[in-house]
Structure formats: structure tokens, C-alpha cells
Amino acid sequence: MKFLAIIPARYASTRFPAKPLAMLGGKPVIQHVYERVSSILEAVVATDDKRIYEVVEAFGGRVVMTSTEHRTGTDRCLEAYNNYGVEADVVINVQGDEPFIAEEQIRGLMNCFENIQTDIATLIKPFPADTTFDILSNPNTPKVITNQQGQAIYFSRSVIPYLRGQNENEWASLRTYYKHIGIYAYRVEVLKQITKMPQTPLELAESLEQLRWLENNLIIQTAVTNIETIGIDTPEDLLRAEQYLQQSFK
């Protein structure tokens, strides 16, 4: 099975403009992501900005230009696949602001496609057993429940499942809750299909794109990771990433 990683890297960002070009440990954030991913499988950066394109070319990475008009990262991913011109069975969409993506996380996604039923794969991470309800219920951290085969049943910004009759601050110690890590892999024919799907009622209610896929009966296989992702959304995140990098190489 042929896998291809596509790394979207936009220049415009409300909270942190030009973050793919921000320097981390002496090189751009996007270079960290590319080097990690390309050491495992073929990878290409998908950007909408000439400055990012030129930086990726300069460090020897593969890169394609895409439109500035895409509504979602999924749309950008498909255009990048078409523009790159390399046939693949599965596309892995790795965000350009995840400089510490781990090999085992990527391989976990790849392994999901050993099941021929899998349409889409994504990562989930257990909440620690001592997680308080305030943290568990944060709507900016989507939760997911799965069936016994590890296939996603539902994603929500609310806490799912609800433990009736139990103290809320003990919920995480009474069962395993999972947060969703927004890294996806798609069979190519499924990627082409989902970019044409209209928005659905559950997606609009929760503002979670993956609910559209579930409402259209696609099978989303999950892979469990115990590694905390360190994404960079703000300049403050970049400072924390720099500290993490320095501590890792002491």
C-alpha cells in the first residue's frame, strides 16, 4: 500500500501569522515537521504562499502551491494531492504546526488501513485518570467514543459518555475518556468523496468536520497514542516548544 503525507502550511493565521516560518531550534517550524515525516514516508508541503514555498525548496523539501480559497484543510489536501501528481492509496494529513509529531503516531495511522473497511484513520489519546471535570469538559478539546473495534461512534465538544450517578470529578478515574488528536489519514477515493459532501446537521451543531463523515456512514478507525502533541498556534506556544526542545536535548 502506497502512503503519501501532505503537510498543509498556510501563511495567514489569526493568532500567529507566518507560523510555519517561525524559527524553532535554529530552523523553521515547517522544516521540523517535514524532516520528521519524510524520514518515515514520502511527504510534500502544501502551501498557499510563495515565501513558504521558497523556504521549503531551500531546505530541500518537496512542496506544491495550492489556492488561498479553501474552506478546510481537507480541500487543500486534495488539491495538493492532485497537483503533486504522485499516485497513492492513502494520504496522511499532518499539520504544519506539529514539529514534534512522533514516528509511532504516523505508523499507528498507517496500521489502521490493514483493515480493508477503514475509510479514514485518526488519533485519540486517553485522558489521565486524575483529570478534573473542568479539564475534561473543555469544549476546545473534542472527545470521542469508539466501538469495540476502535471505530469512532461519535465526536463531541461535550463530555461523552455521561456517567449517571457519579461524581463528575471522578469520571476520568472510573472509565477511560479519549480526546481527539486532529491528524487524519484518508483513502484517496474517500478524500475525493468527502470534499464534495455538503455540511450536515451534527457537523453544524458541534462545528466538527468529522461528524459529516460519520453522518455519511464512513468508517473512521482510531489509533490510540499516549504521546502528547505539541502544536504551535500562538507565539506563546512557540516559546514552550523552544523550552521543550532544549530540555529534550540536554
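Guide: Let us begin with a charge and a ring: a charge sits over a ring if NZ of Lys or CZ of Arg is within 6 Å of the ring centre and within 35 degrees of the ring normal. Here the charged end of R175 sits over the ring of Y177, 5.6 Å from the centre of that ring. The charged end of R51 sits over the ring of Y11, at 3.7 Å from the ring centre.

Visitor: What kind of model is this, and how are its residues numbered?

Guide: This is a predicted model, in which local features need pLDDT of at least 70 and side-chain atom pairs count only at pLDDT 80 or more, while totals for chains, interfaces and linings use all residues. Residues are numbered from 1 along each chain as its sequence is written, and side-chain values use heavy atoms, with hydrogens and water left out.

Visitor: How is a pair of aromatic rings described?

Guide: Such a pair is described by the distance of the centres and the angle of the planes. Rings of Phe, Tyr and Trp (its six-membered ring) pair if their centres lie within 6.5 Å; planes under 30 degrees apart count as stacked, over 60 as edge-to-face and the rest as tilted. The structure holds 9 aromatic pairs. In one of them, F100 and Y244, the planes stand at 70 degrees and the centres 4.8 Å apart, so the pair is edge-to-face. F100 lies in the loop between β6 and α4, and Y244 in helix α10 (residues 235–248), so the pair ties together parts that are 144 residues apart in sequence. Helices (H or I, at least four residues) and strands (E, at least two) are DSSP runs, numbered from the N terminus. Four aromatic residues, F133, Y162, W171 and Y177, form one cluster.

Visitor: Are F100 and Y244 buried or partly exposed?

Guide: Buried means under 20% relative accessible area, exposed over 50%, and partly exposed in between (1.4 Å probe, protein chains only). F100 has 9% relative accessibility and therefore counts as buried, whereas Y244, with a relative accessible area of 38%, is partly exposed.

Visitor: How many salt bridges does the structure hold?

Guide: The general idea is that side chains of opposite charge can pair when their charged atoms come close. A salt bridge is a side-chain nitrogen of Lys or Arg within 4 Å of a carboxyl oxygen of Asp or Glu. The structure holds 12 salt bridges. Among them is the one between E42 and K2, whose closest N and O atoms are 2.7 Å apart. E42 lies in the loop between α1 and β4 (43–47) and K2 in the segment before β1, so this pair ties together parts that are 40 residues apart in sequence. Both are partly exposed: E42 has 21% relative accessibility and K2 has 30%.

Visitor: Which residues are linked with D97 in a network of salt bridges?

Guide: The network links D97 with K19 and D233. The side chains of K19 and D97 meet at 2.9 Å, N to O. K19 lies in the loop between β1 and β2 (23–24) and D97 in the loop between β6 and α4, so the pair ties together parts that are 78 residues apart in sequence. K19 and D97 are both buried. Contact means heavy atoms within 4.5 Å. Leaving aside its neighbours within four places in sequence, D97 is in contact with K19, V29, I230, G231, I232 and D233.

Visitor: Where do D48 and R76 lie?

Guide: These two form a salt bridge, with their closest N and O atoms 4.0 Å apart. D48 is in the loop between β4 and α2 (50–58) and R76 in helix α3 (residues 73–84), 28 residues apart. D48 counts as buried at 13% relative accessibility, and R76 is buried with a relative accessible area of 3%.

Visitor: How many disulfides are there?

Guide: A disulfide is a covalent bond between the sulfur atoms of two cysteines. The rule applied is a pair of cysteine sulfur atoms within 2.5 Å, and the count comes to 0 disulfides. C77 is in no disulfide, the nearest cysteine sulfur being that of C112, 16 Å away. C77 is buried at 0% relative accessibility, and C112 is buried at 7%.

Visitor: Which residues of helix α4 are buried, and what do they pack against?

Guide: In α4 (residues 103–111), the buried residues are Q105, I106, G108, L109 and M110. They pack against β1 (3–9), α1 (29–38), β6 (90–93), β7 (120–126), β10 (178–187) and β11 (220–224).
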